[in-house]
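Subject: Structure for you to look at, with notes

Dear colleague,

Please find the structure below, followed by my notes on what was found in it. I would be grateful if you could read the two side by side.

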Amino acid sequence: MSMLSEKPAMAGRLLAYVDALSEGVAQEMERDPSVFLFGLDVDDHKAIQGSTRGLVQRFGPNRVFGTPLSEDAMTGVAIGAAMAGMRPIHVHIRMDFLMLCMNQLVNIAAKAHYMFGGAVSVPMVVRCMIGKSWGQGAQHSQGLHSLFMHIPGLKVVAPSNAYDAKGLMAAAIRDNNPVVFVEHRLLYFTDAYVPEESYTVELGKARVTAPGTDITLVGVSNMVMECLRARELLAQVGISAEVVDLVSLQPLDSDTVLASASKTGKLLMVDNAWTMCGASAEVLARVAESEEGAGVRMARMGFAPTTCPMSPELEKVFYPNAATIAAKAHSMLRPGSDWMPDEKAAQLSYQMTFRGPF
Amino acid sequence: MKDTSDTRRLFRQLLRIRLIEERVAAIYPSDKIKSPIHLSIGQEAISVAVCDVLQPQDIIAVSYRGHAGYLAKGGDLKGMIAEMYGKPAGCAFGKGGSMHLVSAEAGVMGASAVVGTHIPLAAGQALAAKLRGEDKVIVCFFGDGATEEGCFAETLNFAALHKLPLFFVCENNGYAIHSPLKKRWANLDICARVRAYGVPAVRTETSDVTVMRAAAEAAVAAIRDGEGPQFLEAVTYRWLEHVGPNEDYAAGYRSRDEMEPWENEDPVARLAAVMDAAWVEKTRAEIAAEIDEAVEFAEQSPIHQQEDLYRHVYAQ
Ligand SMILES: Cc1ncc(C[n+]2csc(CCOP(=O)(O)OP(=O)(O)O)c2C)c(N)n1
Ligand SMILES: [Mg+2]
């Protein structure tokens with residue numbers, strides 16, 4: 001099979017997503033002296049909410065350093081260094097700030113290899129985090145991955161768990177292309193079995209995270225966790241859902257989605273972003289365009305088509321959650337019968353414990 | 001400093017902002033305010049001094065650290081507290097939170113939490129005023145960190161080129177989050193860098209609100225006389241953590257010694273000492289009552305209905 005194995009690992013120790021990120025970077029920095037990491041606040045005591053913890057102490061301020069607030073120029077600096085043979089990791093505490101980097105990423109990083117006929121390459125990683133909750137509001141909560149998926153030459157990955165976070169980090173650093181590495185703030189607290197030794201998770205492969213027969217739930221990033229919880233809720237009413245984690249958004253493993261959807265006959269894609277022109281639109285289009293996908297009933301969910309509000313009451317309605325996902329899946333399978341799981345019981349504990357400010 | 005009507009007005013504003021910020025900090029641990037808060041405690045005198053020389057038609061642009069500017073320009077207190085509570089009665093309908101204060105009535109442009117983005121927006125306001133021939137000064141408050149964004153340099157050049165009625169006020173508190181100036185600036189003389197663009201620049205290094213007021217008065221007068229943009233570097237100190245209600249001197253990136261001179265020079269305490277004590281107490285009580293009322297208003301005001309989510313996506 002071409003997809004990633006269902007059970008990523010049962011070896012190693014339980015490690016938090018946030019620690020898996022820094023371990024992944026540290027092992028690559030150890031292996032390859034051309035890797036360096038920089039960005040606003042990567043070297044302070046908060047260490048990007050822990051994800052760069054210990055790196056400056058271990059590798060020194062030449063290879064791990066904070067920058068002025070100059071994201072646009074710093075992106076250019078990363079690209080230039082990559083062209084010179086270095087492997088920079090440029091870190092942003094929120095994905096929203098990547099909007100300052102668009103020109104360099106889209107017009108140079110994505111295009112250089114092609115435009116110069118293979119004469120140069122841009123092996124770099126752009127780390128960024130999607131925020132959620134505690135009134136992050138309009139400018140600290142956006143999932144903008146589809147903007148980058150749109151551009152040939154960029155790769156985009158979005159790990160949903162600690163195992164993939166570490167393995168994808170190694171793969172992204174070793175990749176010879178610019179990779180946008182999308183993290184999620186609320187996943188930072190979650191843990192998974194993570195091997196101590198270095199390993200890679202191949203870019204461009206999805207994973208069937210939990211098997212099922214009645215409907216396929218496809219999730220991105222934090223929404224994979226919501227889909228897994230929705231799967232449990234659906235099981236309580238006798239519905240068997242298969243959960244697919246896209247893991248990699250560009251390249252996109254539509255074969256794995258297609259195999260699952262043509263088996264179950266139903267596909268519900270849940271993105272950690274808006275649906276308009278988003279990853280969910282792309283996935284559904286690919287299934288619709290394929291022969292095997294003919295006849296698959298499809299739907300998608302994502303952020304409400306609004307800006308993210310600060311108000312806690314409105315924020316609750318803005319996001320899909322396990323209960324609304326399960327209800328939607330249920331309505332696709334049993335049209336006409338209303339069912340809504342208890343929203344409180346459906347809440348994920350790692351989200352309930354999150355307390356701001358960021 | 002003496003007890004005059006001028007110092008009373010300035011003191012009242014300073015004390016009011018200080019007490020409001022302290023109340024917000026006191027409420028914060030209750031989790032009633034689910035919004036990141038960037039308090040201006042220690043930096044209030046800049047907003048107070050500058051806004052004191054403005055006219056009602058003038059406009060200010062502030063950042064996520066915007067409570068002091070919003071209040072000094074006359075933004076509604078109830079609207080501010082309700083905004084932090086995420087209530088529809090808030091100044092941004094409870095959709096923005098602490099980082100996105102706005103007041104069309106008081107002349108406060110909506111605040112942005114993406115550092116530096118509001119600097120060119122302020123220039124746009126200034127351009128509009130100039131094109132319409134309005135007697136308006138636009139003030140843009142921003143931090144030392146914001147000057148590192150490309151749009152700051154680009155806006156300086158444009159504002160100088162077009163002689164815009166724009167007052168750049170850099171609140172230099174020495175840090176961008178935890179990163180000190182010396183890790184970010186090769187040339188610490190920002191005024192010299194700004195002058196190279198053709199924008200006159202002045203530096204104050206004091207918490208004396210009257211000194212800052214005099215600097216602001218001269219700059220705003222020059223702008224009203226058509227001399228084009230002016231720049232003020234107001235050196236200051238952030239007493240609390242970057243975001244949140246607590247002190248953070250134990251975190252290790254700065255020491256409390258650094259703050260002490262600022263605390264000793266605290267304009268709130270220094271002015272209080274020269275004012276008539278009975279008047280100070282009366283003022284303090286009036287402000288406390290106003291704050292009580294605003295907090296009560298925010299707590300009692302209704303929460304959103306679900307359909308409010310879909311309002312304001314597009315203008316009608
Ligand atoms: C474009 C952008 N980059 C990074 C951030 C994260 N951030 C928020 S505040 C801040 C520091 C800003 O420092 P300064 O301009 O000096 O203002 P201060 O907070 O000291 O008032 C940073 C880096 C952001 N909000 N926007
Ligand atoms: Mg600062």
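In this predicted model, an oxygen atom of ligand 1 lies 2.8 Å from an N or O atom in the side chain of B:Tyr64, which falls under the cut-off for a polar contact (a pair of N or O atoms within 3.5 Å; within protein, one must be able to donate a hydrogen and the other to accept it, and residues adjacent in sequence count only if both atoms are side-chain atoms). An oxygen atom of ligand 1 is likewise 2.8 Å from a polar side-chain atom of B:Asn173, while a nitrogen atom of ligand 1 has a backbone N or O atom of B:Val115 at 3.0 Å. Around ligand 1 there are 21 residues, the closest being A:Glu71, B:Tyr64, B:Arg65, B:Ala113 and B:Gly145, where a residue is counted if one of its heavy atoms lies within 4 Å of the molecule. Because the surrounding residues come from chains A and B, the site is shared between chains.

As to conventions, residues are numbered from 1 along each chain as its sequence is written, and chains are lettered from A and ligands numbered from 1 in the order in which they are written. Local features need pLDDT of at least 70 and side-chain atom pairs count only at pLDDT 80 or more, whereas totals for chains, interfaces and linings use all residues, and side-chain values use heavy atoms, with hydrogens and water left out.

Turning to helix packing, helices (H or I, at least four residues) and strands (E, at least two) are DSSP runs numbered from the N terminus; axes are lines fitted to C-alpha atoms, for helices over the stretch in contact, with angles from 0 to 180 degrees between N-to-C directions.

In chain A, helix 8 (residues 222-235) packs against helix 12 (residues 322-333) at an angle of about 55°, with the axes 8 Å apart. Helix 8 of chain A and helix 12 of chain A are therefore oblique to each other (angles under 35 degrees count as roughly parallel, over 145 as roughly antiparallel, 65 to 115 as roughly perpendicular and the rest as oblique). Their crossing is right-handed, that is, the near helix is turned clockwise from the far one by less than a right angle, anticlockwise being left-handed. The residues that meet (contact means heavy atoms within 4.5 Å) include A:Leu233 and A:Leu234 from helix 8 of chain A, and A:Ile325 and A:His330 from helix 12 of chain A. By class, the residues of this contact divide into nine nonpolar, one polar and two charged, with Ala, Val, Leu, Ile, Met, Phe, Trp, Tyr, Cys and Pro counted as nonpolar, Asp, Glu, Lys and Arg as charged, and the others, Gly among them, as polar.

In chain B, helix 5 (residues 118-131) and helix 6 (residues 150-161) pack at about 20° with their axes 9 Å apart, and are therefore roughly parallel to each other. Helix 5 of chain B passes helix 6 of chain B in a left-handed crossing, and the contact draws on residues including B:Ile119 and B:Leu127 of helix 5 and B:Phe152 and B:Phe158 of helix 6. That contact has seven nonpolar, one polar and no charged residues.

Also in chain B, the axes of helix 2 (residues 44-52) and helix 8 (residues 209-224) come within 8 Å and cross at roughly 45°, and the two helices are therefore oblique. The crossing of helix 2 of chain B and helix 8 of chain B is right-handed.

Most residues other than glycine have a negative phi, and most peptide bonds are trans. A:Cys277, although not a glycine, has a positive phi of about 55°.

Finally, A:Gln49 lies in the loop between strand 2 (35-39) and helix 2 of chain A, and its side chain makes a polar contact of 3.4 Å with that of A:Arg185.
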